[in-house]
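Take a look at the structure below.

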Amino acid sequence: QVQLQESGGGSVQSGGSLKLSCAASGDTRFMAWFRQAQGKMREGVASIDTDGSTTYADSVKGRFTISRDNAKNTLYLQMNDLKPEDTAIYYCASDPLLVGSTAIPPVVDFDYWGQGTQVTVSS
């Protein structure tokens, strides 16, 4: 079975940085980070396939970097120049069939999810 566990969230000042990790077990293929702020829909942040091809939401381009270590079966999200608008619960997601595209696939396309980690950015 596939299990995902996020870590690395916390509280930072605007302009600060955090690095999230997603420890995975099982057969992970296409992976992504999503986030959900209070009262908002869950939205895609970044995605990556097994070859390292990436896609980013416009709101985080130039600030966030998604990467993976296939040997460790771990996904990362380096977040720099954080803004209050980035405050949300961040989720790791995985799917065995998805491939790279020009847009992050929707929530319904992912079969596996972590429990989330809170990121809070203050002004």
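## Ground rules

Strands here are DSSP runs (E, at least two residues), numbered from the N terminus. Two strands pair if DSSP finds at least two bridges between them. The model is predicted: local features need pLDDT of at least 70, side-chain atom pairs count only at pLDDT 80 or more, and totals for chains, interfaces and linings use all residues. Residues are numbered from 1 along each chain as its sequence is written, and side-chain values use heavy atoms, with hydrogens and water left out.

## Two hairpins

β5 and β6 make a hairpin with five residues between them. Gly52 sits in its turn, with a positive phi of about 95°. Three bridges link β5 to β6 (residues 54-56), and the two run antiparallel. Ile48 faces Thr54 in β6.

β4 and β5 form a hairpin as well, with six residues between the strands. There Gly39 has a positive phi near 80°. Phe34 has Gly44 in β5 as its bridge partner.

## An open sheet

Four strands build an open sheet, ordered β1-β3-β8-β7, with antiparallel pairing. β1 (3-7) and β7 are the edge strands, and each pairs on one side only. From one strand to the next, the twist averages 15° (axes are lines fitted to C-alpha atoms; angles run from 0 to 180 degrees between N-to-C directions).

β1 and β3 are joined by five bridges. Glu6 stands opposite Cys22 in β3.

## The cores

A nonpolar core is a set of buried Ala, Val, Leu, Ile, Met, Phe, Trp, Tyr and Cys residues joined through side-chain atoms within 4.5 Å. Buried means under 20% relative accessible area (1.4 Å probe, protein chains only). The largest core has 25 residues. Trp33, Val45, Phe64, Leu75, Leu77, Met79 and Tyr90 touch the most other members. Elements giving two or more residues include β4 (30-36), β8 (74-79) and β9 (88-95). β3 gives the most, with four residues.

## Thr117

Thr117 lies in β11 (residues 117-122). Is Thr117 buried or exposed? Thr117 counts as buried because its relative accessibility is 11%. Its side chain reaches the backbone nitrogen of Gly9 at 3.2 Å, a polar contact (a pair of N or O atoms within 3.5 Å, one able to donate a hydrogen and the other to accept it).

Beyond its neighbours within four places in sequence, Thr117 is in contact (heavy atoms within 4.5 Å) with residues including Glu6, Leu20 and Tyr90.

Terms used
Buried means under 20% relative accessible area, exposed over 50%, partly exposed in between (1.4 Å probe, protein chains only).
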